[in-house]
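Let's take a friendly walk through this protein. Have the sequence and the fold side by side as you read.

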Amino acid sequence: MRMDSLPDAIVQYILSHLNNARDVAACNCVSKRWKESLPYLRSLYFPRNSFDSHCGSDNPDSIVWKMLSTIVCLEELVVYSPFTSAGLALWLLLVHSSLKHLELRMDNITEYQACLDSPSKLDCISAAKNLESLKLWGVLMVNPPKWDVFKNLQSLEIVGARLEDPAFSAALRACPNLTNLVLLGCEGVRSVSIELPYLEHCKLDFYGLGNCSLSLTCPKIEHLEVQGCSWIRVRETTCLRNLSIANNAGRVYMVDFGKLSALEFLSMRGVQWCWDAISKMLEWSSEVKHLYMKVEFTGDLETLLPFPEVDFVEFFNSHPKLQKFDIHGAMFAALCQKNSLKNVEPGFVIPCLEEVVVQVRSPLNAEQKMSTLESLLKYGKNLKTMVIRILQMKSSHSSTDDFFDEICRLRFMNRKIVRIE
C-alpha cells in the first residue's frame with residue numbers, strides 16, 4: 001500500500017516516529033501532506049555532523065529554531081551538534097512547556113570563558129522546568145548553575161565533566177526528586193555529599209587521583225556504584241541490593257555502611273584497600289549472594305602488603321547465602337594459606353554456592369591452592385561450575401608445569417563442573 005492512500009491520521013502516526021533532523025528535513029520536502037504531519041513529532045535528534053555540509057545563509061542555531069518552531073508538542077530534544085548559549089535559550093523558550101527529556105553535548109569542558117558567559121549554557125537549561133530527564137556531555141561546572149527547582153526531574157546524567165564541589169552541590173539541590181543519578185568521567189571533585197530522599201540508582205565515576213570522599217544519605221538507594229573514592233560513608237542501606245566499590249588510581253581507606261541486610265551483589269575492586277575496610281565490608285555483607293573481589297593488595301599507607309590469612313570455614317559460614325564467588329588475586333591467596341583449612345569440622349558444607357570463578361597467577365603455595373580448589377568442590381554440594389583462569393605465570397621453574405598439570409588433573413576428575421580458561 002502506498003503512503004498516499006493512507007488516511008491522514010495514519011500518516012501522522014508514522015511520521016511522528018521520525019526523530020533524526022536530517023530525515024525530518026527530507027520528509028518536509030516530499031509533499032504538502034507530509035509537511036503538515038511533521039508538527040506532530042514527539043522527539044528530535046541532531047547528530048554531531050548535522051551541519052557539516054551546510055552552506056546556506058542561516059547559522060545552525062537558526063535552523064534548529066525554525067524546525068522547533070513548527071512542532072506543536074515536542075517531548076524529547078537531543079542535540080550533539082555545536083550550538084551557542086543564545087541559541088539554546090531561544091530553543092527552550094519555544095518548547096519548555098512540553099519538553100520532558102533533554103540531552104545536550106555541551107563541548108565546553110575546556111572553555112573556562114564559556115562558563116563565565118551570562119547566561120551560560122547550563123543557566124539556559126532552567127527554562128525547561130518540566131524536564132523529567134537531563135543528560136549532559138562535556139560539562140564545565142565551576143560556578144553554581146542558575147537553576148530553579150526541577151520538581152519533575154527524575155534522572156540526571158553527566159558524562160565527562162570538570163566540577164567544583166560548591167557548583168555540583170548547588171546543581172543537586174535544584175533536583176530534589178531524583179531517582180537516578182549518573183556521573184561518568186568527572187574530575188575536580190574532592191568531597192561529595194548527596195542527600196536525595198528518592199534516589200534509587202546512583203553511579204559515580206570520579207577521574208583523577210582517586211582521593212575523593214563521599215557521603216551519601218539516600219534512604220531508598222537500591223543500586224550504588226562508586227569509582228575513585230578513598231572515604232565512603234553510606235548510612236541509609238536498608239534497601240541497598242547492589243553495591244560496587246572500585247578505586248583504580250588511589251586507595252580505599254575507610255568505608256562506613258549500615259547493616260547491608262538486603263545486599264545481593266557486592267563488588268570490591270582496586271589496587272589497594274586497607275584491610276579494615278575489606279574486613280568490614282565482608283562482615284556487613286553476610287547476606288550477599290554474589291561476591292566479586294579483585295583487590296590486589298592491602299596495607300594502610302604506601303606499603304603494599306598481601307592479605308592476611310582468611311579462614312576457609314569461617315568465611316563461608318559467615319556468608320551462608322553465597323551463590324556465586326569471583327575470587328581474584330589476593331583474596332584467593334588469603335584462602336590458600338597453611339592454616340586456612342585447619343578448622344574444617346564434620347558436617348561442614350557450603351550450602352548455596354553454585355558458581356566459582358578463580359583467577360590464578362602464580363604457582364607459589366601450589367599445594368595449598370590445590371587443596372582449596374578441591375575443598376570448594378568437596379564442600380560445595382550444589383556447585384555447578386568452577387572456572388579457573390590462569391594468567392601469565394612467569395616462573396620458568398618446573399613447579400609451574402607441575403601446578404598446571406595438577407589443575408588439568410582436577411579438571412579431568414571433575415570435567416562436568418571444572419573448566420580452564
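## Parallel strands

In strand S13, Asp256 is the bridge partner of Arg233. Strand S13 (residues 254-257) runs parallel to S11, and 4 bridges join them. Strands here (E, at least two residues) and helices (H or I, at least four) are DSSP runs, numbered from the N terminus; two strands pair if DSSP finds at least two bridges between them.

Strand S11 (residues 229-234) also pairs with strand S9 (residues 212-217), in the parallel sense and over 5 bridges. In that pairing, Ile232 of S11 stands opposite Leu214.

## About the model

This is a predicted model, in which local features need pLDDT of at least 70 and side-chain atom pairs count only at pLDDT 80 or more, while totals for chains, interfaces and linings use all residues. Residues are numbered from 1 along each chain as its sequence is written, and side-chain values use heavy atoms, with hydrogens and water left out.

## The protein as a whole

The protein has 13 helices and 19 strands. Of its 421 residues, 47% count as buried (under 20% relative accessible area; exposed is over 50% and partly exposed lies in between, with a 1.4 Å probe and protein chains only). Among contacts (heavy atoms within 4.5 Å) between residues at least 6 apart in sequence, 55% join residues at least 24 apart.

The accessible surface comes to about 20600 Å², and 51% of that belongs to carbon and sulfur atoms. Areas come from the Shrake-Rupley method with a 1.4 Å probe; for residues, only the protein chains shown count as cover.

## Around Gln227

Where does Gln227 sit? Its place is in strand S10 (residues 223-227). Gln227 has a relative accessible area of 16%, so it counts as buried. Its side chain reaches the backbone nitrogen of Asn248 at 2.9 Å. Leaving aside neighbours within four places in sequence, the contacts of Gln227 are Leu204, Asp205, Phe206, Ala246, Asn247 and Asn248.

## Helix H8 and its packing

Helix H8 (residues 165-173) has these buried residues: Asp165, Ala167, Phe168, Ala170, Ala171 and Leu172. They pack against four strands named here: S4 (133-141), S5 (155-163), S6 (180-187) and S7 (191-195).

## A nonpolar patch

Which residues make the nonpolar surface patch of about 390 Å²? They are Trp65, Leu90, Leu93 and Leu94.

Helix H5 (residues 85-95) gives the largest share of the patch, 3 residues. Leu90 lies in this helix and is partly exposed, because its relative accessible area is 47%.

Note on methods: Polar contact = N/O pair within 3.5 Å; in protein donor to acceptor, adjacent residues only side chain to side chain. Patch = residues over 30% accessible without salt bridge, like charges linked within 9 Å, V, L, I, M, F, W, Y side chains within 5 Å. Salt bridge = Lys/Arg side-chain N within 4 Å of Asp/Glu carboxyl O.
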